[in-house]
Amino acid sequence: MSELRPQDVGSLGRRIVGTAGTTVVIALAYLFIFLPVVVLVLFSFHDGRVPVPPFQGPTLDWYKMILGDDRLMSATGHSVGIGLASAFLSTLLGFLAAFGLARHAVPGAGFLRWFLVLPLTVSYLIIGIGLLIALSYTGLPKSLLAVMIGHVVINLPLAFAICFSQLGGHQVVYERAARDLGASEGQVLMRITVPMMWPALFASFCLCFNFSWDEFVIAFFLSNFDVTLPVEIWSMLRTGLNPMINAAGTLVFLLSLISFLAFEILIFGKRARHGRTAPEA
Amino acid sequence: MSSLNETHGDAERLAARRDAVRGIGFLSPATLWTMAFFVAPLVVMVSYSFFTKRGTGVDTALSLANYEHFAVREVLWGSLFNSLEITLWTTGISILLAYPFAYVLAFRVPERWRRLCLVLAILPFWTSYIVRSYAWLLVLSPTGVVNQSLLWIGLIDEPVRLAYSRIATVMGFVHFFTMLLTLTIYANLVQLNPRYRLAAADLGASGWQSFYYVLLPLSIPGIVVGAFTTFVICIGDYIMPQILGGNRELVLPQAIFFQVSRNADLPLASAMSVILMLVVAVAYLASARWLRMDRL
């Protein structure tokens with residue numbers, strides 16, 4: 001980047017003011033952004049019944065309590081299962097659709113692209129109610145399977161968009177070479193495209209898992225007795241402020257963080273290897 | 001197209017058709033899934049909005065009763081106005097907070113720190129949405145961090161009512177969407193050609209003038225993309241207003257949720273959902289120029 005920035009030409013005085021201004025903006029922004037997270041995590045170690053200042057402790061009691069809570073643990077199990085299944089399906093369908101659009105001349109391609117990302121503009125609440133009404137209309141029961149189907153609906157557009165943006169021109173050469181050497185369409189896909197695309201596929205999987213893991217409204221409407229973790233946390237909220245929720249929230253944050261960091265390292269690590277020539281999203 | 005076919009002949013045409021068929025084959029699972037589990041339920045929902053609730057079932061005679069009901073009852077149409085008000089405040093404040101932050105990240109932070117700063121800026125994004133709303137409740141409660149700090153400094157004598165109010169809802173939303181808007185505005189700012197600003201400086205523009213007349217107009221697309229996303233998510237969100245706003249001034253999603261979970265009035269909930277979708281559609285048309293969703 002040979003970019004000339006204002007501070008390069010400014011006088012020393014302006015530079016100092018500019019640096020101070022920069023520091024202030026950044027400090028205030030991070031204070032605001034991290035305030036709730038810090039309070040959440042800190043008071044999960046709070047040795048008292050209500051998570052408000054002054055802080056007492058630390059204690060790990062609340063973590064012991066949630067790890068021993070059967071309902072919470074089974075809800076966690078359901079959430080992980082639904083998250084994995086819906087992330088896998090979203091990524092699979094999204095990738096296939098992106099491949100079809102990027103590598104084949106399909107009539108109405110522009111419309112299909114628009115159509116596949118359309119669910120992004122509709123509130124989860126409406127998607128949830130739509131599926132609920134469809135269940136009541138067809139007489140099918142509420143179930144975790146229905147929740148999983150709903151989560152694929154909301155995640156498919158994301159998976160498709162990620163895969164489509166990463167299906168750049170640099171793989172086409174290898175695909176063509178493989179075809180010239182007699183590979184079938186399936187072989188090209190499995191031996192060339194998928195291995196080259198796997199960081200994007202994994203990133204899409206992580207992101208979809210995260211959105212499913214966090215989703216509440218659809219899970220609330222479509223589940224019956226077996227619920228997911230956000231629904232269980234929601235029912236805990238009715239008891240008011242409680243350090244147990246802090247502890248559960250901190251663990252949920254930790255898991256999301258791990259999958260986010262995996263996503264970040266893969267996407268950014270890939271860009272760094274390809275330098276600045278990586279295709280723009 | 002026809003002249004192309006004439007010169008290329010049957011073999012080429014056959015290859016093109018086979019290519020299209022293969023492409024459609026790859027596209028069909030995703031398309032069918034979206035049709036079956038997104039479009040079809042919405043179609044059923046729209047038709048339900050013209051039915052009426054009768055007992056535990058529905059009366060399938062078509063009527064506009066639900067829409068009339070919505071227009072007449074203040075608690076229902078009022079919720080739409082509450083939603084619009086909260087959403088517009090949220091969007092406006094978030095832009096005002098996110099822009100300077102994105103600007104500093106894009107132009108003032110040394111390049112090697114930029115990635116880290118950006119990752120840190122969106123880290124709380126990955127806390128669970130419900131948990132984050134709850135965390136704001138902790139911060140804003142009468143005995144929470146904000147009130148305790150203000151009491152300690154001596155700015156106030158008794159705790160201010162922050163939680164369970166519209167202020168709390170907006171605050172929780174602003175937190176979430178400042179992170180989101182910082183991303184979209186930042187993404188737009190870093191891809192601008194720095195030569196525009198150099199040219200402005202060469203032509204004698206002051207720092208402020210080059211910002212106002214050059215940089216700001218160029219960053220409108222990033223702002224609009226973020227603002228539209230904010231609008232769509234914010235106006236459709238149930239969780240934040242329910243946890244932070246309480247039950248006094250309902251927003252539209254809360255009113256819809258109430259019709260489903262308490263009244264089991266699916267037709268009325270459908271009609272209100274249709275209204276919510278129409279509001280989003282209007283917002284989309286208003287910002288379509290900058291969005292270009294079909295091009296991703």
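Modeller: In H12(B), the buried residues are B:Leu252, B:Pro253, B:Gln254, B:Ala255, B:Ile256, B:Phe257, B:Gln259 and B:Val260. Buried means under 20% relative accessible area; exposed means over 50%, and partly exposed lies in between (1.4 Å probe, protein chains only). Eight of the ten residues of H12(B) are buried, so the rest of the structure largely encloses this helix. Helices (H or I, at least four residues) and strands (E, at least two) are DSSP runs, numbered from the N terminus.

Some ground rules come next. This is a predicted model: local features need pLDDT of at least 70, side-chain atom pairs count only at pLDDT 80 or more, and totals for chains, interfaces and linings use all residues. Residues are numbered from 1 along each chain as its sequence is written, chains are lettered from A and ligands numbered from 1 in the order in which they are written, and side-chain values use heavy atoms, with hydrogens and water left out.

Now look at a partner of H12(B). The axes of helix H3 (residues 74-108) of chain B and H12(B) come within 7 Å and cross at roughly 140 degrees. Axes are lines fitted to C-alpha atoms, for helices over the stretch in contact, and angles run from 0 to 180 degrees between N-to-C directions. From H3(B), the contact takes B:Leu76, B:Ser79, B:Leu80 and B:Ser83; from H12(B), it takes B:Leu252, B:Pro253, B:Ala255 and B:Gln259. Contact means heavy atoms within 4.5 Å. By class, five of these residues are nonpolar, three are polar and none is charged. Ala, Val, Leu, Ile, Met, Phe, Trp, Tyr, Cys and Pro count as nonpolar; Asp, Glu, Lys and Arg count as charged; the others, Gly among them, count as polar.

Next, step past H12(B). The loop between helix H12 (252-261) and helix H13 (266-291) of chain B holds B:Ala264. Most residues other than glycine have a negative phi. B:Ala264 is not a glycine, yet its phi is positive, about 50 degrees.

Elsewhere in chain B, take helix H7 (residues 166-190). Its axis and that of helix H10 (residues 220-235) of chain B come within 8 Å and cross at roughly 150 degrees. H7(B) and H10(B) are therefore roughly antiparallel to each other. That label needs an angle over 145 degrees; under 35 is roughly parallel, 65 to 115 roughly perpendicular, and the rest oblique. Among the H7(B) residues that meet H10(B) are B:Phe173, B:Phe176 and B:Phe177. On the H10(B) side, the list includes B:Pro221, B:Gly222 and B:Ile233. The residues of this contact divide into twelve nonpolar, six polar and no charged.

H7(B) also packs against helix H4 (residues 111-121) of chain B. The angle is about 155 degrees, and the axes are 10 Å apart. H4(B) and H7(B) are therefore roughly antiparallel as well. Here B:Arg114, B:Leu118 and B:Ala121 in H4(B) meet B:Met179, B:Leu183, B:Tyr186 and B:Val190 in H7(B). This contact has six nonpolar residues, no polar ones and one charged.

Another arginine sits in helix H8 (residues 195-202) of chain B: B:Arg197. At 17% relative accessibility, B:Arg197 counts as buried. B:Arg197 and B:Phe173 are 24 residues apart in sequence and 33 Å apart in space, C-alpha to C-alpha.

Now the core. The largest nonpolar core has 173 residues, of which A:Phe221, A:Leu222 and B:Leu189 touch the most other members. Helix H7 (residues 144-166) of chain A gives the largest share, 14 residues. Such a core is a set of buried Ala, Val, Leu, Ile, Met, Phe, Trp, Tyr and Cys residues joined through side-chain atoms within 4.5 Å. Not counting residues up to four places away in sequence, A:Leu222 touches residues including A:Gly128, A:Leu131 and A:Val147.

Finally, chain A. This chain has twelve helices and zero strands. Buried residues make up 51% of its 281 residues. A:Val227, in the loop between helix H10 (217-222) and helix H11 (229-237) of chain A, is buried at 16% relative accessible area. Leaving aside neighbours within four places in sequence, A:Val227 contacts A:Ala75, A:His78 and A:Glu232. A:Val80 lies in helix H4 (residues 70-103) of chain A. A:Val80 is partly exposed, at 29%. With neighbours within four places again left aside, A:Val80 contacts A:Phe209 and A:Trp213.
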